[in-house]
Structures are given as structure tokens and as C-alpha cells.
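The entries follow the order in which I checked them.

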Amino acid sequence: MVFERKLQYGNFFYSQAYRYDPSNLNTIEWLGSYYIDSQYPEKAVEFFEKAALARPHQVKWHLMVASCYRKSGNYAAALDRYKSIHYKFPDNTECLKFLVRICTDLGYTQEAQEYANLLKKAEKM
């Protein structure tokens, strides 16, 4: 109960901070994580999309967006986002692992195998 109240206060204060400085990545990250923990990944996408726009060369934010799509059940958008991330960051093993997983889950076995092979190559580097 006390922890939930602290989270609510945190959400209030971070939301206020976001209103005054919507480019602060610490605030964006806290709010996005709050909405993921609160089981609202579709709301978290809004924050992580802004972070990805602010820092397009940091793969972390793009992966967070894709993860939110996956957690909200929007597997097509998640797959598209992971493919886009892989195009921009071809050696990122975390992205490749998610591509193998989501392709397997969706029954795209040939694609999953292709990404698994790329993952093995990337892990050897």
C-alpha cells in the first residue's frame, strides 16, 4: 500500500516535470517504466517513441518501443519495429534474440531460422 502511494506520488511529480521539460530523458524513462509496471504498455509507447526520436542512435529506446508493442499484444507492430531496429543496428544481439522469439511465436519458422543464424554470427564477433 505504501509502495503504491509512493508510485502515485512519483507519477504525479514526474508528470509535472514532463509538462515543463518534455525532453528530459530521465523523466521520459521513469514515466515509460511506470506505465509498463502499471500494465499500460500502449501508454508507455508514447514516452519511449519520444526518447527514440531524441536519441535515434541509442538502440535502447527503439527496443523499448518494440517491447511495448509486444507487451500490448500488437505483434505485427512489434515485428515491424524489431525489423527496423535490425536494419539500423544489424549487429545488435538483443534485437536479433527478440526477432527469433517473435518470429517463432508467430509461426514464421523460416524467418526465425534466418535471424537465429544471424544471431550466431553476431555472437561470435
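I began with Glu-46, which is partly exposed at 41% relative accessibility. I note that the model is a predicted one.

I then looked up the partner of Glu-46: its side chain meets that of Lys-43 in a salt bridge, at 3.4 Å from N to O. Lys-43 is also listed as partly exposed, with a relative accessible area of 31%. Both residues belong to helix H3 (residues 41-54), and because they are 3 residues apart there, about one helical turn separates them.

Next I asked how many salt bridges there are by this rule. The count comes to 4.

I turned to Glu-49, which forms a salt bridge with Arg-81, with 3.0 Å between the closest N and O atoms. Glu-49 lies in helix H3 and Arg-81 in helix H5 (residues 75-88), so this pair ties together parts 32 residues apart in sequence. Is Arg-81 buried or exposed? Arg-81 counts as buried, because its relative accessibility is 16% and the cut-off for buried is under 20%. Glu-49 is partly exposed at 23%.

I also recorded the salt bridge between Glu-29 and Lys-60, whose closest N and O atoms are 2.7 Å apart. The pair links distant parts of the chain, Glu-29 being in helix H2 (residues 25-37) and Lys-60 in helix H4, 31 residues apart. Glu-29 has a relative accessible area of 28%, and Lys-60 has 38%.

Last, I examined His-62, found in helix H4 (residues 59-71). His-62 is buried, at 4% relative accessible area. Its contacts beyond four places in sequence include Arg-81, Ile-85 and Phe-89.

Terms used: Residues are numbered from 1 along each chain as its sequence is written. This is a predicted model: local features need pLDDT of at least 70, side-chain atom pairs count only at pLDDT 80 or more; totals for chains, interfaces and linings use all residues. Side-chain values use heavy atoms; hydrogens and water are left out. Helices (H or I, at least four residues) and strands (E, at least two) are DSSP runs, numbered from the N terminus. Buried means under 20% relative accessible area, exposed over 50%, partly exposed in between (1.4 Å probe, protein chains only). Contact means heavy atoms within 4.5 Å.
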